[in-house]
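Student: I would like to learn how to read the packing and the backbone of a model. Can we go feature by feature?

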Amino acid sequence: MSELLVNSHNGHISASQRIPVIARPFVSERAAKTLDLVEKFVEEECIPADEVYVRQIGETTAQRFTSHPSIVEDLKARAKELGLWNLFLPKNHFKEGAGFSNLEYGLMAEYLGKSRTASEATNCAAPDTGNMEVLAKYGTDAQKKRWLGPLLEGKIRSGFLMTEPQVASSDATNIEMRIERDGDSYVLNGSKWWSSGIGDPRCEIYIVLGKTDPSNTDKYKQQSVILVPHDAPGITIHRMLSVFGYDDAPHGHGHVTFTNVRVPASNMVLSEGDGFKIIQGRLGPGRIHHAMRSIGAAEKALEWFLARLNDPRKKPFGAMLNQHGIMLDRVARSRIEIDAARLAVLNAAIKIDESDAKGALKEIAEVKVLVPEVNLTVIDRAIQAYGGAGVSQETPLAAMYANGRTMRIVDGPDEVHLLQLGKNENKRGDAHKRRIEAQRRKGEELCRRYGIEMKDPLFLGRSTGEAKSKL
């Protein structure tokens with residue numbers, strides 16, 4: 001058994017053997033075998049390759065956003081050879097994918113989340129996954145041929161442009177970028193930031209949300225989605241935005257402006273006014289993909305945590321860290337929280353498989369809030385165990401924490417999902433109030449029928465008697 005796969009005191013327990021019992025009936029034999037291949041590919045090839053990747057990117061800003069590490073292409077070739085390609089497109093909605101369900105991909109994505117290179121190596125990296133789903137679901141034949149085909153083949157990459165610096169973009173109806181019809185073209189003017197993927201030199205197409213009809217009385221019909229080639233005249237990428245000091249090169253998150261950018265009218269996705277529907281359809285699967293990968297990141301953090309606890313060189317106060325009760329308490333809590341979060345993610349995936357992302361809004365929102373919190377908590381515990389090394393480049397934990405923290409903001413901040421969840425849950429409040437009151441009344445009626453006095457069994461009624469008034 002390769003040391004790269006050892007994951008327990010008994011050697012190696014395969015990924016398929018660790019599928020939660022509650023999920024096993026939903027996993028095909030083919031998916032279970034593929035899951036083991038994904039685990040082996042990530043642990044033996046991708047994680048070691050991460051070290052090469054970060055060094056091939058370069059050091060200067062110019063180098064980091066013009067480079068394409070050759071190790072990625074080698075990994076992509078290997079992934080294709082293993083049949084680990086386009087795993088994310090669910091079989092009940094798309095014909096272009098590898099034929100797995102959301103649940104089956106969720107189990108695989110957990111392993112992809114343990115490596116910086118694994119998602120791109122298998123052509124399952126954001127923002128391409130969400131963008132490919134948009135094109136596969138809503139694109140015309142011409143749009144699919146021009147953009148979806150190369151994306152599915154891994155020949156190009158894409159950008160997703162929604163958020164704007166001057167408005168509260170957590171409410172997508174606030175988006176201001178104008179998309180105006182002019183003959184057989186559309187003209188775009190406005191500014192975007194946190195434009196994921198826009199820094200990659202292989203990024204050739206942007207999926208852009210803007211307003212075509214800002215005066216429409218229905219605020220959900222004002223927006224449209226349009227495809228913008230990366231080399232259309234009038235586009236200026238001003239800078240890349242850092243995430244806690246990390247630049248996420250080479251794909252990055254850019255601040256970009258559009259000045260009279262003209263694209264063919266045929267680049268409109270669906271029709272004018274369909275933008276909000278398209279974006280909601282895109283963000284739903286994207287949210288659960290993030291949650292799936294975040295489970296893997298939390299598992300990786302726990303692995304690093306356990307490795308530190310069992311390092312014989314580290315003996316604070318004369319004892320190894322695994323002999324300190326507080327550390328074992330943190331390990332136990334991490335195990336419980338990860339396992340519970342995983343079940344919530346798999347439940348959401350099953351719900352999507354049974355309907356679609358719209359039919360699983362509650363479940364998706366729950367994991368969108370829960371999983372990043374669990375991920376950050378586990379990473380934080382691991383960082384604490386490593387001390388200074390945990391917040392430095394000595395371990396991957398600091399970068400993992402920075403990435404994990406953004407998950408509480410991307411695809412809609414926690415507050416948006418909590419507010420909506422709270423509102424929907426509160427709709428049941430009046431029904432519960434009526435039921436509880438009805439049950440109490442029936443209880444009182446039953447007491448009378450059985451001749452039971454409605455009296456508190458703990459009632460004492462003791463008194464010291466009446467006090468004398470002051471004379």
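Student: Leaving aside its neighbours within four places in sequence, which residues is Ala-109 in contact with?

Tutor: Bear in mind that this is a predicted model. Beyond its sequence neighbours, Ala-109 is in contact with Met-292 and Arg-293. Ala-109 itself is found in helix 4, residues 102-112.

Student: Is Ala-109 buried or exposed?

Tutor: Buried means under 20% relative accessible area. Ala-109 has 0% relative accessibility, so it counts as buried.

Student: How should I read a nonpolar core, and which residues touch the most other members of the largest one?

Tutor: In soluble globular proteins, nonpolar side chains tend to be buried together. Here the largest nonpolar core has 97 residues. Val-38, Leu-87, Tyr-105, Phe-305 and Val-345 touch the most other members. Helix 8, residues 275-309, supplies the largest share of this core, with 14 residues. A second, separate core has 19 residues, among them Ile-198, Ile-226, Phe-258 and Val-261.

Student: What does Val-38 touch, not counting residues up to four places away in sequence?

Tutor: Val-38 touches Leu-84, Leu-87, Met-108, Tyr-111 and Leu-112.

Student: How do I judge a helix such as helix 9, and what covers its buried residues?

Tutor: Start with its span, then look at its buried residues. Helix 9 runs over residues 325-354 and has 30 residues. From first C-alpha to last it reaches 44 Å, close to the 44 Å expected at 1.5 Å a residue. Its buried residues include Met-327, Val-331, Ile-338, Arg-342 and Val-345. The cover over the buried residues includes helix 4, helix 8 and helix 10.

Student: How are aromatic pairs described, and how many are there here?

Tutor: A pair of aromatic rings is described by the distance of the centres and the angle of the planes. The count here comes to 3 aromatic pairs. One of them joins Trp-304 and Tyr-386: 6.0 Å centre to centre, with 50 degrees between the planes, which is tilted. Trp-304 lies in helix 8 and Tyr-386 in helix 10 (residues 361-386), so the pair ties together parts that are 82 residues apart in sequence. Trp-304 is partly exposed, at 30% relative accessible area. Tyr-386 counts as buried, at 9%.

Student: Where do charged ends sit over rings?

Tutor: Look for a Lys or Arg end above a ring face. The charged end of Lys-80 sits over the ring of Trp-85, 4.6 Å from its centre. The charged end of Arg-282 sits over the ring of Phe-160, 3.8 Å from its centre.

Student: Which peptide bonds are cis?

Tutor: Check omega. A cis bond joins Ala-126 and Pro-127, with omega about 0 degrees. Pro-127 lies in the loop between helix 5 (118-121) and helix 6 (128-138). Another cis bond joins Ala-249 and Pro-250, again with omega about 0 degrees. Pro-250 lies in the loop between strand 6 (235-240) and strand 7 (253-264).

Student: Which residues other than glycine have a positive phi?

Tutor: Two cases are worth a look here: Asn-86, with phi near 50 degrees, and Asp-248, at about 55 degrees. Asn-86 is in the loop between helix 3 (70-82) and helix 4, and is buried, at 5% relative accessible area. Asp-248 is in the loop between strand 6 and strand 7, and counts as partly exposed, at 23%.

Conventions. Residues numbered from 1 in each chain as written. Predicted model: local features only at pLDDT ≥ 70, side-chain atom pairs only at ≥ 80, totals over all residues. Heavy atoms only, no water. Core = buried A, V, L, I, M, F, W, Y, C linked by side-chain atoms within 4.5 Å. Buried < 20%, exposed > 50% of the residue type's maximum accessible area, 1.4 Å probe, protein only. Helix = DSSP H or I, 4+ residues; strand = E, 2+ residues; numbered from the N terminus. Contact = heavy atoms within 4.5 Å. Phe/Tyr/Trp six-rings, centres within 6.5 Å; stacked < 30°, edge-to-face > 60°. Lys NZ or Arg CZ within 6 Å of the ring centre and 35° of its normal. Expected span 1.5 Å × (residues − 1).
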